[in-house]
Amino acid sequence: AIDPNFETNRERVGDEDGVAVWGPVEPPEKQGIRGTHVAVDFDICLADGACLEDCPVDVFEWVDTPGHPESERKANPADEDQCIDCMLCVDVCPVDAIDVDPG
Ligand code: SF4
Ligand code: F3S
């Protein structure tokens, strides 16, 4: 499961499309955690897609991660600013790749 304390335990190594990237990132095998309020551990995500289907405000969009061992696309929390903290994505992700931090 995603580490809920990633902001303390990981280093922010940059931004991609306006979304924070928390390392380590070593493409293609290591993609890190993406997002802050809504965070997705790309190294756990296996492209189930339930988060994209169920989010009522369409926070997520697919990004391609060719060569990643779990899946070749990931749910990027591109519109995390729109999140209404319903927690549906956290509940439906089969591998607990998502952390939402209401507050
Ligand atoms: Fe979307 Fe709800 Fe998840 Fe926020 S908590 S990203 S609104 S499904
Ligand atoms: Fe990935 Fe979980 Fe969504 S596996 S696509 S973060 S439901």
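C55 is buried in this predicted model, with a relative accessible area of 12%. Buried denotes under 20% relative accessible area, exposed over 50%, and partly exposed the range in between (1.4 Å probe, protein chains only). C55 is found in the loop between α2 (50-54) and β5 (61-64). Helices (H or I, at least four residues) and strands (E, at least two) are DSSP runs, numbered from the N terminus. V90 lies 35 residues from C55 along the chain, and the C-alpha atoms of the two are 10.0 Å apart.

The chain contains three helices and seven strands. Their order along the sequence is α-β-β-β-β-α-β-β-α-β. The radius of gyration of the chain is 12 Å, close to the 13 Å from the globule rule for 103 residues, so the chain is as compact as a globular protein of that length. The radius is taken over C-alpha atoms, and the rule is 2.2 Å times the number of residues to the power 0.38. Along the principal axes, the C-alpha atoms fill a box of roughly 30 × 25 × 25 Å.

Of the 103 residues, 39% count as buried. The accessible surface of the chain is about 5500 Å², and carbon and sulfur atoms contribute 43% of it. Areas come from the Shrake-Rupley method with a 1.4 Å probe; for residues, only the protein chains shown count as cover. Among contacts (heavy atoms within 4.5 Å) with a separation of 6 or more, 48% involve residues 24 or more positions apart.

Five strands form an open sheet in the order β1-β2-β3-β4-β7, with antiparallel pairing. β1 (12-16) and β7 (98-100) are the edge strands; each has a single partner strand, so one side of each lacks a neighbour in the sheet. Two strands pair if DSSP finds at least two bridges between them. Strand β3 (residues 33-34) and strand β4 (residues 38-41) run antiparallel and are joined by two bridges. R34 stands opposite V40 in β4.

Around ligand 2 there are 13 residues, of which C45, L46, G49, C51 and C93 come nearest. A residue is near a molecule if one of its heavy atoms lies within 4 Å of it. The shell comprises 11 nonpolar residues, one polar and one charged. Ala, Val, Leu, Ile, Met, Phe, Trp, Tyr, Cys and Pro count as nonpolar, Asp, Glu, Lys and Arg as charged, and the others, Gly among them, as polar.

Residues are numbered from 1 along each chain as its sequence is written, and chains are lettered from A and ligands numbered from 1 in the order in which they are written. In this predicted model, local features need pLDDT of at least 70, side-chain atom pairs count only at pLDDT 80 or more, and totals for chains, interfaces and linings use all residues, while side-chain values use heavy atoms, with hydrogens and water left out.
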